[in-house]
Amino acid sequence: MSDSTASTLVPALLNDLISALGAENVLHRHDELVVYECDGYVIEKNTPDIVVFPTSTEQVVAVVKLCNKAGVPFVPRGAGTSLAGGTLAVGGGVMICLTRMKRIIEINTRDRYAIVEPGVVNLWLTRALGGTGFHYAPDPSSQSACTIGGNVATNSGGPHTLKYGVTVNHVRGVELVLPDGTVVETGGINEDNPGYDLTGVIVGNEGTFGIATKVIVNLTRDPEAGRTLLGVFDSVDAATETVSGIIAAGIVPAALEMLDTLMIQAIEQAFHFGFPTDAGAILIIEVDGLDAGLDHEAQAISEIVQTHGGSVAKSITWRTRKEPEYVAIWKSRKSAFGAIGRLSPTFCTQDGVVPRTKLPHILRFITEVGQRYGIRIANVFHAGDGNIHPILLFDERDADQVARVLKASHEILDECINAGGSVTGEHGIGVEKMEFMPKLFTQEDLAAMVALRNTFNPDGRCSPDKMLPGGAGCIERKGPGHRASA
């Protein structure tokens, strides 16, 4: 190796990887590798020794076998939008970047499925389905960048999961390269396969079971029509009480999103959609389905909003999700985290879950924590399923602010557990939240999870020190990260 390489691995492995993939698909210089030192969770960083870009299942197998032969750990990575350090190369080793496996292999609208490689960006599939009358329902806010493989790894959610479900509800089958290089297929093109639901086990494994190289996903028929309402409230309390009121009335919206004052101001500065910047909170409420019943549902929602002291500032009637006003409101919501940079040089995003009825409590708690630690906290989240995303604003150049943000984040996640919820709804555990796992699960539960992981990954060489506490997983935190997306 040359002096400029960052790799500490034996030169033979680097040469073997170059022989297997070609020099253009292997990175090993420090200035190339630093880009891959972290994902969207930038608190913990570690540079991999080598980054490779396979373009086929066969090449993934070759890389895995070479890593095993050399006794070197490896970790898969998609677009790097993950927010819990799921793609961190904890012990160095080889990072297997799947972004060049980006083919949409098949779209079959008659049987309602598509087969894609893991590097296909979520939005690419949506665009490829345009005009077919079908869509891929999971739509994370990082939809324009995140990959289907990454969505499978973390069981991603998104604004429309309230009605349509998360990624696991839309995956029929997976081709998986196991950590020993064996290729297995679970599920298939049929919607219901006999035997154990191994696909359901694999979705959400955060790369600890192996590397997905093909994914069979469900296609969902486009709704006939929809109504998207913008509810405006004087307070966060009133907005969160409205959320419970809508669900209690038997209405299941396609999406139910909440933004507080700080988020409204940031988004309005960026996109000029027309959000009222003096509002305490807004709700984006969407219902879809057969056109015949939607006016009735929209009216019922308007009455519930008014009952809780709010008003409906906009009501968008749409036939397709391409209509300009519809596109504008969702662009504003999904670009919310990019707009935060207008408010603060640095921010840290959390990903807790509480029962819907506990939303008023947890939002009050977040406000109190912010006041106690002297930190501004913005909120934008999937209110319909209780998945909160408090965004803590600070300046990382100030060590005192960094310390306060870390303590505040910890308290918020602890309170989510106390309220009967969880520390993650869609971002995963990764390396960020392993310390909370013993608070969520008993030792027996964790032992069962370890046994399951070891069945797929007995040597622990694939994505080591992730999800489950122990080993080198407890990494000292230096300071919260710059940006994130939910």
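Which residues lie nearest the centre of the second largest pocket?

## The largest pocket

The structure is a predicted model. Its largest pocket holds about 1200 Å³ of space. The lining of this pocket is made up of 44 residues, and those closest to the centre are L123, T126, D139, Q143 and K334.

Four elements each supply at least two residues of this lining: helix 4 (122–128), strand 7 (134–135), helix 11 (324–334) and helix 12 (336–339). Helix 11 gives the most, with five residues. By residue class, the lining of the largest pocket divides into 18 nonpolar, 16 polar and ten charged residues.

## The second largest pocket

In the second largest pocket there is about 510 Å³ of space. The residues that lie nearest its centre are G204, E206, I429, M437 and M467, which belong to a lining of 25 residues.

Two or more residues of this lining come from helix 15 (437–440), and two or more from helix 16 (443–456). Helix 16 provides the largest share, three residues. The lining of the second largest pocket consists of eleven nonpolar, ten polar and four charged residues.

## Summary of the linings

For the largest pocket, the element that gives the most to the lining is helix 11; for the second largest pocket, the largest share comes from helix 16. Charged residues number ten in the lining of the largest pocket and four in that of the second largest pocket.

How values were computed:
Residues numbered from 1 in each chain as written. Predicted model: local features only at pLDDT ≥ 70, side-chain atom pairs only at ≥ 80, totals over all residues. Heavy atoms only, no water. 1 Å grid on protein atoms, 1.4 Å probe; cavity = no way out; pocket = protein on both sides within 12 Å on 5 of 7 lines; lining within 4 Å. Points joined across faces, edges and corners; volume = space filled by probe spheres on them. Nonpolar A, V, L, I, M, F, W, Y, C, P; charged D, E, K, R; others polar.
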